[in-house]
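Open the model in your viewer and follow the stops below in order. Each stop says what to select and what is there.

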There are 2 protein chains.
Amino acid sequence: MTPEEFRKYGYRVVDWIADYRGKVSKLPVMARTGPGEVKACLPCDPPDTAEPFDQIFRDLDEIILPGLSHWQHPRFFGYFPSNALLASVLGDYLSTGLGVLGLSWQSSPALTELEEVVTEWMRRMMGLSSEWSGVIEDTASTSTLVALLCAREKATKYGLSRGGLQGEEHPLVVYVCTHSHSSVEKAALLAGFGRNNLRVVAHDGVQAMRVESLREAVEKDIAAGAIPTAIVATTGTTATTALDPVAAIAEVAREYGIWLHLDAAMAGSAMILPECRWMWDGVEGADSLVVNVHKWLGAAFDCSLYYVRDPEHLLRVMSTNPSFLQSAADGRVKNLRDWGLPLGRRFRALKLWLLIREQGVAGLQARIRRDLENAKWFAEQVRAAPDWSVLAPVPLQTVCVRHAPPGLAGDALDRHTLDWVERINRSGEAYLTPAVLDGRWMVRVSIGAAPTEREDVAALWALMRRMAETRGGF
Amino acid sequence: MTPEEFRKYGYRVVDWIADYRGKVSKLPVMARTGPGEVKACLPCDPPDTAEPFDQIFRDLDEIILPGLSHWQHPRFFGYFPSNALLASVLGDYLSTGLGVLGLSWQSSPALTELEEVVTEWMRRMMGLSSEWSGVIEDTASTSTLVALLCAREKATKYGLSRGGLQGEEHPLVVYVCTHSHSSVEKAALLAGFGRNNLRVVAHDGVQAMRVESLREAVEKDIAAGAIPTAIVATTGTTATTALDPVAAIAEVAREYGIWLHLDAAMAGSAMILPECRWMWDGVEGADSLVVNVHKWLGAAFDCSLYYVRDPEHLLRVMSTNPSFLQSAADGRVKNLRDWGLPLGRRFRALKLWLLIREQGVAGLQARIRRDLENAKWFAEQVRAAPDWSVLAPVPLQTVCVRHAPPGLAGDALDRHTLDWVERINRSGEAYLTPAVLDGRWMVRVSIGAAPTEREDVAALWALMRRMAETRGGF
């Protein structure tokens, strides 16, 4: 494809996406495709010779599009929002079209330096002190794995240069909470700590980590000869957006010399609002933190910001320096390959840069505030309706609800919950994610898709009442 | 930004990229920017209010573009090629614009199923048996880390569910070669094995792993009570594209029950040519392998294919299943979050799908063959010139050269090498990567950027002669 053909088909792709974003609100939110249906429409063998673009566009319309659940739909209330604001999309288009890589600073200086600039912008926007340095990773799963690897190496005084985790006499222990994200446990297991050395600290009545339980666990481990190594606290858990008491946890971490990693993947976006920063009060006591600007804030996926207070430590664990990557500029520049797992690096800063510039901080703040207001309004409606309840505090944009008609409890209530949410999802009119809270199914209403306005939330609420309160399938 | 504004600015971005690709051959290949120069042009603070797109485009032209080294330039001979063919770029544009995520099959069925289809296409294209299943990871660094984590868990019978790597009595050992990629050592250290348990097996006269040395090391470790856990072999090393003897290594792996991971990140693209498959003869004896289709083949970065023969094993190590990710389809579908580190997943299959369809297998093969021919031609020129030598076999597209005028040796020769390559890079007329081979600097000429034709290689050769043979800076 020549640049001129690219211009022609590029326009067509832009048109296709513009049309898609224009009409997405009219599509069923959740794909209606059954398992294997997309695959069955596609040939098993690759084409031997070039195919015309018209055929590709036809397949996009006929096979791919019906197989998608639409995350950019105004009635997408599932998981957490993964907003890809159109300015950010254009930033990513620039990155992909340029096709430059950041293996080292020299391999494309602007790639590294713009990443320094935008992570610094975000640091300021979130009110973090200048003690923090940031880098862009793909996801919070990776950022948290990096944090736990660094914690492991700090605790062993860089055992990776000796016997690794195999050379340790005293077991290293990681502390998480019942409501930590699944990726935290996964990261701890992948980092080699082992499930036996993972302490799942109990939560309190609002799904936040019990600091007394944490302290007890730490002291018990120390008494048993183990080495408390890392604590992962969360600002905005996945099930209920619960807020672990960061300041109190940081106090324990400081007292016992434990690495504190803060998972603010979701809530971090709200920290651009000064009125929300109480939620991670104590953040300056953490050693590392992750904020997914590809969630609520609106940067096109993937764009997870990982901040640390001691980059030297990170470098010591992650650094590689083969001859083919050395350059005369080393020592005077950041080589971001030493800040994470992969060597190769896209120009991801562009999508965050365009997002912030096109929206302005004020524009981003206004949208986050809109969503907070919508969640508050929605929670009020639910609380006021008979048989409905809001199951957890609503500090952010997720409202956890259950509809419990009189006489319905236990497994029957679970069946009712899963039934009405499944009917909503199948209707195509909205998308919701059910989840288990304290052993029982409930429904998470995660507000904050970029095009979601009050009327969408109101329509969802009407739909929920209709689906849950009628049919009486119990 | 509304969809209609996106259409307008999207056209402009497409134009900007089309113009860039059209004029890139006239730009200096390596950025002339000094450390900190890009940063110095950008404000420390984010804009409070929205900025006009015109200003963003001006900054792109004036600040970003001069700060880039151009990987899509026909005279880019550095590192390895990272081709972003324009059809693949458009595939990525679709992905970013759609903004859908593959947290689970249900969260966008076509995302998962198209990934199954294209990894299957590539499997067939590379002549691999149907025993292999593939998934898209970001980079080979990650793919290799995943492989070593799986090997670790297999060797400990899933110690992650008990004491992790901390619970093992006998040390687990990983075998690499002197010429393995830096990411392999990094992965072994991050996986917790420890440098003391990393055996760097010697290479032979053509930079390939010595199988006798491997066997000796394995037997010595077993005698000492250690557990040989993983071997990483390479098809196409970074320094010289050396080919480890996969069949013989696989025999050792089989005999001692060791996980064999094959790093074919670079050479894998050439496996779409039947005449090249002798290079990884024995591949069916490996347990896992990685092929970066974002390198030579032309998929826009990042697109690293990871194949395994036993997905159940992979799932057992990587799987998470929190309630909010469960759906009625589980059990009948692939949930790709269980195939790698991150939970979140872009629709990366689109960029590979469009690449293969727009080029056709024959088109991709023709370009790879062109590059192989160009490398062969270039090596012949070098060999025929006085004082020049080709330092390693040229099975693929990288030619390792040195210019050694009479009387020049040792450190003085190193200074000469680094001097002429630096002058070439600074000239902007071509980009080359120096590297160390057997303790001395040499220059890698890595042919295979998509727009590189014979005339570009010839021009490079003339430039090299001019720069190295004149000035007499020694």
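**Stop 1: the interface**

Select chain B and chain A: 14 salt bridges run between them, a salt bridge being a side-chain nitrogen of Lys or Arg within 4 Å of a carboxyl oxygen of Asp or Glu. This is a predicted model, in which local features need pLDDT of at least 70, side-chain atom pairs count only at pLDDT 80 or more, and totals for chains, interfaces and linings use all residues. Residues are numbered from 1 along each chain as its sequence is written, chains are lettered from A in the order in which they are written, and side-chain values use heavy atoms, with hydrogens and water left out.

Zoom to Arg357(B) and Glu51(A), which form a salt bridge with the closest N and O atoms 2.7 Å apart.

Now widen the selection to the contact (heavy atoms within 4.5 Å): chain B supplies 152 residues and chain A 152 residues. The two chains bury about 12900 Å² between them, 65% of it on carbon and sulfur atoms; this is accessible area (1.4 Å probe) lost on being put together, summed over both parts. In chain B, the residues that lose the most area to chain A are Phe6(B), Gln166(B) and Arg357(B), together 6% of what that side buries.

**Stop 2: two helices of chain A**

Select H1 (residues 3–23) and H3 (residues 53–64) of chain A, which pack at an angle of about 10 degrees with axes 12 Å apart. Helices here are DSSP runs (H or I, at least four residues), numbered from the N terminus; axes are lines fitted to C-alpha atoms over the stretch in contact, and angles run from 0 to 180 degrees between N-to-C directions. H1(A) is therefore roughly parallel to H3(A), the term for angles under 35 degrees.

Show side chains: Tyr9(A) and Trp16(A) are among the H1(A) residues making the contact, and Phe53(A) and Leu60(A) among those of H3(A).

Notes: Angles under 35 degrees count as roughly parallel, over 145 as roughly antiparallel, 65 to 115 as roughly perpendicular and the rest as oblique.
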